[in-house]
Amino acid sequence: MTEPLPYRGLYERVKSIIPAAPDALIRQEITYIMMDFSADTNMFVEEVPLNIQPNTLDYPFILQNGGRPNRLMVVYDPNTITSGYYNWADGGISMRVPNIIRLARAPSEAKLWTAVIAKACGTPLMDTGTPPKPTGYPEVDAWIIDKYVDTLCYGVLWALQRLPAKPFRDPVGAKENDLLYNSGKSNARVNNMWANVYNAQAWRFPQAFRTISRKGWA
Amino acid sequence: MAEMDFPLSPTVGQRYTNSIGVVYEWNGYAWVVGFYDSSTQTFLVLGDILDQIRTLLQDTDNSSSAGYRYSDDSIVMNINMGLWEMYRLRPDIFLETSYVVPQFLAGDPSATWPIEQQWVPAIVYYAVGMTQVRDDEGTQDTRASAFLQKFNATLVVSNQ
């Protein structure tokens, strides 16, 4: 099987380092690393329109572009963005149950807000055949793999090298790759928080000054 | 076995296959046995793997009335047992078959190898080892043991 494009380079790199790992195992570990990486970095996002209705607190939604809802980054009112920064449309909005946004206060009038959802990988990437079949990899934005292929590779190597009773088991290498992966993941999370802008503003208002229950996102 | 009928003026690299499928190759000085059968250079189906196992068992001559020393049934049984042993040691190899361990039938040599090609050598080692373990000649024991250890080493032994 030829690996699907966003993952081909990553797969080939891992396979060239650990050829004794079965292909299906590499695909499985890439999937779990993608789930972990996307969940921890808030990098895989989707904006969801929220049609706010009076006296309604719960707003179920369905993602359109793959992935599973992992974290509610912000709910903003597109009509009030003036500075380019997101501000919460209201305080206390939450998503304790994935796929359902809950308001803290029942609104008095209809509004159109936008929720920014950070997703975790989990939905299968399908091939282009008829009928489509799962490729063994999860859906994700291709740029994430392109930009962080090094970090993802360290993560997959760590996941493979720590497995017991395998010819490619390597506890020392696993430890080293674990450090590199977690360090790369931290950098990726911060890069994403600053929208990949170099030398961006590193200072924010102390949270004691906040006027709503949460700090803004990015 | 029919007489050998080597070509008279061979060129280097020229091959000759005798009546039982043994392939000889002219190296410029002599005919050397290089290949049992040209079809065994790939291992895509059960028949190819059986050929390779027979080569290592030195059981390639079925021209006599008795046929092969080891029957296809017995070797395929060992291949199937090897697959189960492989599953016990390395279940991850069978992830791509959803943990279903494939089993072969001796009457179906065209059955395709269902998992990654890199595991063919391990199965060959196992089948050769197990087949020789069953043999009642004491001289085979060391060789059988070596093949079975090679099977194990291929699957689980770490270089670290």
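Guide: Among contacts in chain B (heavy atoms within 4.5 Å) between residues at least 6 apart in sequence, 45% join residues at least 24 apart. The model is a predicted one, in which local features need pLDDT of at least 70 and side-chain atom pairs count only at pLDDT 80 or more, whereas totals for chains, interfaces and linings use all residues. Residues are numbered from 1 along each chain as its sequence is written, chains are lettered from A and ligands numbered from 1 in the order in which they are written, and side-chain values use heavy atoms, with hydrogens and water left out.

Chain B has 4 helices and 3 strands, where helices (H or I, at least four residues) and strands (E, at least two) are DSSP runs numbered from the N terminus; read along the sequence, their pattern is β-β-β-α-α-α-α. Of the 160 residues in chain B, 42% are buried, a term that stands for under 20% relative accessible area, with exposed meaning over 50% and partly exposed in between (1.4 Å probe, protein chains only).

Within this chain, the part to look at is the surroundings of Arg54(B). Arg54(B) forms a salt bridge with Asp59(B), and the closest N and O atoms are 2.7 Å apart; a salt bridge here is a side-chain nitrogen of Lys or Arg within 4 Å of a carboxyl oxygen of Asp or Glu. Both partners count as buried, Arg54(B) at 2% relative accessibility and Asp59(B) at 4%. Arg54(B) also meets the side chain of Asp72(B) in a salt bridge, at 2.6 Å from N to O. Because Asp72(B) lies in helix α2 (residues 72–89) of chain B and Arg54(B) in helix α1 (residues 46–57) of chain B, this pair ties together parts that are 18 residues apart in sequence. Asp72(B), at 32% relative accessibility, counts as partly exposed. Elsewhere, salt bridges that share partners join Lys15(A), Asp23(A) and Glu116(B) into one network.

Over all chains, a search of the whole structure finds 15 salt bridges. One of them, in chain A, joins Lys185(A) to Asp36(A), with the closest N and O atoms 2.7 Å apart; Lys185(A) belongs to helix α5 (residues 171–193) and Asp36(A) to helix α2 of chain A, so that the pair links distant parts of the chain, 149 residues apart. Lys185(A) is buried, with a relative accessible area of 10%, whereas Asp36(A) is partly exposed at 28%.

The helix that carries Asp36(A), α2 (residues 23–41) of chain A, lies across β3 and β5 of chain A and runs at about 135° to β5(A), axes being lines fitted to C-alpha atoms, for helices over the stretch in contact, and angles running from 0 to 180 degrees between N-to-C directions. Those strands belong to an open sheet of 3 strands with the order β1-β5-β3 (chain A) and antiparallel pairing, two strands being paired if DSSP finds at least two bridges between them. In this sheet β1 (45–52) and β3 (68–76) of chain A stand at the edges, each with a single partner strand, so one side of each is left without a neighbour in the sheet. Neighbouring strands are turned by 35° against each other on average, direction ignored. β1(A) pairs with β5 (residues 111–120) of chain A over 8 bridges in the antiparallel sense, and Glu46(A) stands opposite Ile117(A) in β5(A).
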